Amino acid sequence: MDRCESNLALVDFEQVDQDGYSSGYESTPSDSESSTSTQKPQSNRLIPISHNRGPVKIKEKMSYRNTQALTEQLKVISSIPELCDVTFEVGSEKVKVHGVKVILGTRSRVLYNLILKKQKEAEFQRKADKKDKKNKPSIQTDKVTIVVKKYEPEDFRKIIQFIHSGAVDINSSCVAGLLCGASQFGLDDVERACWDFVNHSVKSGTISKVIPSAKRYIHHKTGQQLLEKIFSLTQQSVDL
């Protein structure tokens, strides 16, 4: 449990103007006069009915968040294909990585456009198959399949996991893939975190562990920038 915030005002009555205020109960003049000397003041009583104004408002508010549990549960989504409607076929072996369309589309504009494009292509193909009597009409489905060639399966799985849950573990073996994915899919916070990891690796003297990961993504523009950054930072470290 990350945080539990409580902001309670359980009793916060508005000031009730007694002048010209009707309680909703009828009383005769004699009853009122006779009760004045014997009954205690009724100012502390809750007046149940008002003809002249709305009910007295009681302000109550309690904020509760359990983001850690939510994060852990959302991480599991990609491992349950039955709950997903997007399948990525990653790498030369076409390793399947699953995701939820509505989450991917709302978290990344790039993925939104990509999914929308694939849906339109599938709809166009279904219509074409329907017109061509030789071809058996394809089964209509809301699921989308996207081929991803330029990422390592495990790195891409981490990218999709972050998009779903907002959490990811960065290490020397995956930082290059995460950095390239963050740049391509518009995940600015992950991109900053990856650069922070690279800078920390330079300062701690472990940057050599990042180089193999960076070389695997030399075909990405961001991967090239990463290698240049590593060599630049290491050179500055040597000069110092």
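**Exercise 1. Two neighbouring helices**

In which kind of crossing, left-handed or right-handed, does helix 6 pass helix 7? Work out how this pair is arranged in the predicted model.

*Solution.* Let's start with how such a pair is described. Two packed helices are characterised by the angle between their axes and by the distance between those axes.

Step 1: get those two values. Helix 6 and helix 7 (residues 188-204) pack at about 150°, and their axes lie 8 Å apart.

Step 2: Angles over 145 degrees count as roughly antiparallel, so helix 6 is roughly antiparallel to helix 7.

Step 3: settle the handedness. Helix 6 passes helix 7 in a left-handed crossing.

Step 4: look at who touches whom. On the helix 6 side you'll find Val 175, Leu 178, Leu 179, Ala 182 and Ser 183. They meet Val 190, Glu 191, Cys 194, Trp 195, Phe 197 and Val 198 of helix 7.

**Exercise 2. Helix 5 and its partners**

Describe helix 5, then see how it packs with helix 6 and with helix 2.

*Solution.* Step 1: check the length. Helix 5 has 13 residues, which at 1.5 Å a residue should span 18 Å; the end C-alpha atoms are 18 Å apart, so the two agree.

Step 1: list what is hidden. The buried residues of helix 5 are Asp 155, Phe 156, Lys 158, Ile 159, Ile 160, Phe 162, Ile 163, His 164 and Ser 165.

Step 2: pair helix 5 with helix 6. Their axes come within 9 Å and cross at roughly 50°. That angle makes helix 5 oblique to helix 6, and the crossing is right-handed. Here Asp 155, Phe 156, Lys 158 and Ile 159 of helix 5 meet Gly 177, Leu 178, Gly 181 and Phe 185 of helix 6.

Step 3: The axes of helix 2 and helix 5 come within 8 Å, crossing at roughly 140°. Helix 2 is therefore oblique to helix 5, and this crossing is right-handed. The residues that meet are Thr 71, Leu 74 and Lys 75 from helix 2, with Gln 161, His 164 and Ser 165 from helix 5.

Step 4: walk off the end of the helix. Just after helix 5, Gly 166 has a positive phi of about 80°.

**Exercise 3. Helix 4**

What span would you expect for helix 4, and which elements do its buried residues pack against?

*Solution.* Step 1: count. Helix 4 covers residues 109-131, so its length is 23 residues by the numbering.

Step 1: compare spans. From first C-alpha to last, helix 4 reaches 33 Å, close to the 33 Å expected at 1.5 Å a residue.

Step 2: find the buried positions. They are Leu 111, Ile 115, Arg 126 and Asp 129.

Step 3: find their partners. The buried residues of helix 4 pack against strand 3 (86-90), helix 3 (101-107), strand 5 (144-148), helix 5 (153-165) and helix 6 (175-185).

**Exercise 4. The whole chain**

How many helices and strands does the protein have, and in what order do they run?

*Solution.* Step 1: there are nine helices and five strands. Step 2: from the N terminus the order is β-α-β-α-β-β-α-α-β-α-α-α-α-α. Step 3: of the 240 residues, 28% count as buried.

Notes:
Residues numbered from 1 in each chain as written. Predicted model: local features only at pLDDT ≥ 70, side-chain atom pairs only at ≥ 80, totals over all residues. Heavy atoms only, no water. Helix = DSSP H or I, 4+ residues; strand = E, 2+ residues; numbered from the N terminus. Expected span 1.5 Å × (residues − 1). Buried < 20%, exposed > 50% of the residue type's maximum accessible area, 1.4 Å probe, protein only. Contact = heavy atoms within 4.5 Å. Axes fitted to C-alpha atoms, helices over the stretch in contact; angles between N-to-C directions. Parallel < 35°, antiparallel > 145°, perpendicular 65-115°, else oblique. Left-handed = near helix turned anticlockwise from the far one by under 90°.
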